Amino acid sequence: MMNRKYSLSLVLGMTFVSLLLAIMLISLFYTPHAVNVMKIADRLQGPSWNHWLGTDNFGRDVLSRVMVGAQTAFMVGAVSVGIGLTGGLIIGTLAGYAGKWLDELLMRGTDALLAFPGILIALLLVTIYQPSMFQTMLAIGILSIPSFARVIRSGVLQHREAEYVKAARGIGAGHMNIIFIQILPNIASSIVTTAALSFSTAILVEAALSYLGLGVQPPDPSWGRMLNESQSFLGKAPWFTLAPGLVITLTVLGFNLLSDGVRDVRDKRG
Amino acid sequence: MNYYARRTLTLLLTMLFIVVLTFSVFRIIPGNPALTILGVEATDEQIAMLEAKLGTDRPLGEQFIDWIQGIAILDFGESLRFSEPVLDLIAARLPVTFSLAVLAMAITVCVAIPLGILAARTKGKLVDMVVSIGTQIGLAVPSFWMGIILILVFGLTLKWVSVSTYVGWSESPLFALRSLLLPAIALAIPQIAIVVRYLRTTMLEQLNLDYVRTARSKGLPEKDVHYRHVLKNALLPVITIIGIHFGELLAGSLVIEQVFTLPGFGSLLITAIGNRDYPLVQGLVLIIAFTVITINFLVDLSYRWLDPQIRLK
């Protein structure tokens with residue numbers, strides 16, 4: 001497992017993630033049943049040919065709802081990683097490139113944010129504003145800024161004095177050019193590793209918040225809220241709990257493996 | 001700046017950040033907090049009364065000084081929902097959350113350390129692969145879903161444990177332990193995965209060092225090399241990791257308590273949020289956050305102090 005030329009984690013991670021991405025894309029055009037149509041006569045039915053993953057307490061098709069839930073998960077993941085990456089880029093490059101007291105200040109700030117238990121900030125936000133998908137993405141995004149900032153800062157520090165950067169500076173490249181054209185492509189693999197990991201964290205936090213009823217609100221479908229709804233019918237309809245939970249696990253597993261895989265490949269190249 | 005100064009500065013900055021954040025979030029919100037709590041149908045009189053109670057009718061600076069003075073003497077005001085001091089409410093819930101976190105930590109240590117050693121000793125073999133697949137899954141499973149599954153399997157199907165009735169420690173320690181066992185296991189699983197992976201890596205790193213070669217070349221059995229030398233050195237950073245993750249345990253227990261309907265911080269916080277009980281939310285968030293960062297700080301310092309290589313530098 002260790003000495004092969006390719007990374008098993010990378011292959012598995014890519015497979016899982018692309019599979020889920022495909023399901024998400026399909027759900028945009030097609031689901032086996034209408035997602036929000038309630039049929040009380042069909043409530044809490046076990047898996048069957050008509051309903052592969054059974055039905056929920058309102059007679060809605062669990063498979064269709066799990067498929068559409070992928071849209072929410074990917075949306076939350078992508079937007080919060082976007083926020084984290086943007087914030088991290090600004091703070092990380094400023095700290096690494098400018099150095100001195102600004103570096104010290106920004107890094108102590110990110111330390112402070114890192115030390116703060118993440119879910120608390122999210123809970124504070126939803127107390128003030130009504131819980132919604134937007135608040136959830138914003139909170140998770142802000143929480144992921146420090147890890148991006150750290151990775152980008154250390155990358156910038158490492159490459160700042162490299163020969164190729166000196167050469168670029170010698171031929172008159174500006175700061176923006178040096179940061180974005182010279183340095184960033186060289187630390188891309190670290191950024192991808194962090195992004196994949198943040199993506200899975202985002203999905204886990206969103207699921208937890210929505211499970212508490214403080215994340216994504218109806219009618220937006222969410223795996224976490226499905227778990228909440230399913231808990232009252234645990235004895236009668238275990239499939240209702242198993243399906244969303246397994247899908248969350250597979251998604252997170254996929255992104256974690258992807259993150260590990262990219263890191264393995266980079267480490268092997270030296 | 002030296003390490004201790006920097007670390008203390010971070011601690012103070014974080015604390016200040018939390019104090020300001022918990023103070024400001026409910027005061028800079030658009031609109032009048034009293035009106036938000038009472039709803040649009042409230043009379044002017046009711047609003048004035050609540051404002052006086054919350055202190056929001058006074059200048060912002062005065063309120064902030066009050067908040068800091070309150071923190072210093074552990075007075076966080078009175079809950080709107082329960083009409084009791086916030087501190088009393090929190091103190092009543094403390095034993096549940098705290099014992100849940102400690103139990104989860106104990107499970108983590110007891111399971112993760114042997115598994116980590118096993119994985120390191122069987123590196124590249126089948127056992128190691130099974131453990132590493134297990135840890136990947138452990139990291140990916142949401143712990144609250146794991147809690148639901150444990151209820152399904154041990155509570156509803158096998159009927160080994162009764163779920164959803166919490167019994168206090170003072171009433172019956174045995175029953176208290178029983179009602180905390182499943183949530184503690186659910187909480188411990190991701191932590192176990194983290195510690196196993198970490199311990200495996202540090203042990204393998206240590207095995208490449210010179211002192212291991214010396215120990216082996218003087219004829220020490222492999223077992224002694226592992227347990228006497230390598231483990232001693234590998235365990236120190238692992239202890240730090242476990243300590244640092246205490247905060248995550250505390251945060252994770254907020255959600256797990258909802259799954260098992262345990263009367264701890266989590267259910268109190270969710271109730272407080274649902275009722276827009278601002279003083280209670282404020283007090284709880286402050287106390288949880290302070291606890292977490294203080295523990296992290298102490299763990300960091302003790303790690304430095306325990307490791308002679310760093311201490312003597």
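1. Read along its sequence, chain A runs α-α-α-α-α-α-α-α-α-α, which amounts to 10 helices and 0 strands. Here helices (H or I, at least four residues) and strands (E, at least two) are DSSP runs, numbered from the N terminus.

2. A word on conventions: this is a predicted model, so local features need pLDDT of at least 70 and side-chain atom pairs count only at pLDDT 80 or more, while totals for chains, interfaces and linings use all residues. Residues are numbered from 1 along each chain as its sequence is written, and chains are lettered from A and ligands numbered from 1 in the order in which they are written.

3. The C-alpha trace of chain A spans about 75 × 50 × 30 Å along its principal axes. Of its 270 residues, 48% are buried (20 or more other C-beta atoms within 10 Å of the residue's own, with C-beta atoms placed from the backbone). Among contacts in chain A with a separation of 6 or more, 70% join residues 24 or more positions apart; a contact means C-beta atoms, placed from the backbone, within 7 Å.

4. Have a look at α2(A), residues 62-98. This helix has 37 residues and reaches 52 Å from its first C-alpha to its last, close to the 54 Å expected at 1.5 Å a residue (1.5 Å times one less than the number of residues). After α2(A) comes G99(A), with a positive phi near 65°.

5. On to where the chains meet: chain A brings 34 residues to the contact and chain B brings 39. On the chain A side, the elements giving two or more residues are α3 (100-115), α4 (118-128), α8 (188-211), α9 (223-231) and α10 (238-269). The largest share, 9 residues, is from α10(A). By class, this side has 25 nonpolar, 7 polar and 2 charged residues; Ala, Val, Leu, Ile, Met, Phe, Trp, Tyr, Cys and Pro count as nonpolar, Asp, Glu, Lys and Arg as charged, and the others, Gly among them, as polar.

6. The largest nonpolar core has 140 residues, of which L120(A), A208(A) and L284(B) touch the most other members. Such a core is a set of buried Ala, Val, Leu, Ile, Met, Phe, Trp, Tyr and Cys residues joined through C-beta atoms within 7 Å. Helix α8 of chain B (residues 173-207) gives the most to this core, 14 residues. Leaving aside residues up to four places away in sequence, L284(B) touches I90(B), F265(B), L268(B), L269(B) and A272(B).

7. Finally, a helix pair in chain B: Y211(B), V212(B), A215(B) and R216(B) of α9(B) meet V225(B), H229(B) and V230(B) of α10(B). The residues of this contact divide into 5 nonpolar, 1 polar and 1 charged.

Conventions: Contact = placed C-beta atoms within 7 Å. Buried ≥ 20, exposed ≤ 12 C-beta atoms within 10 Å, placed from the backbone.
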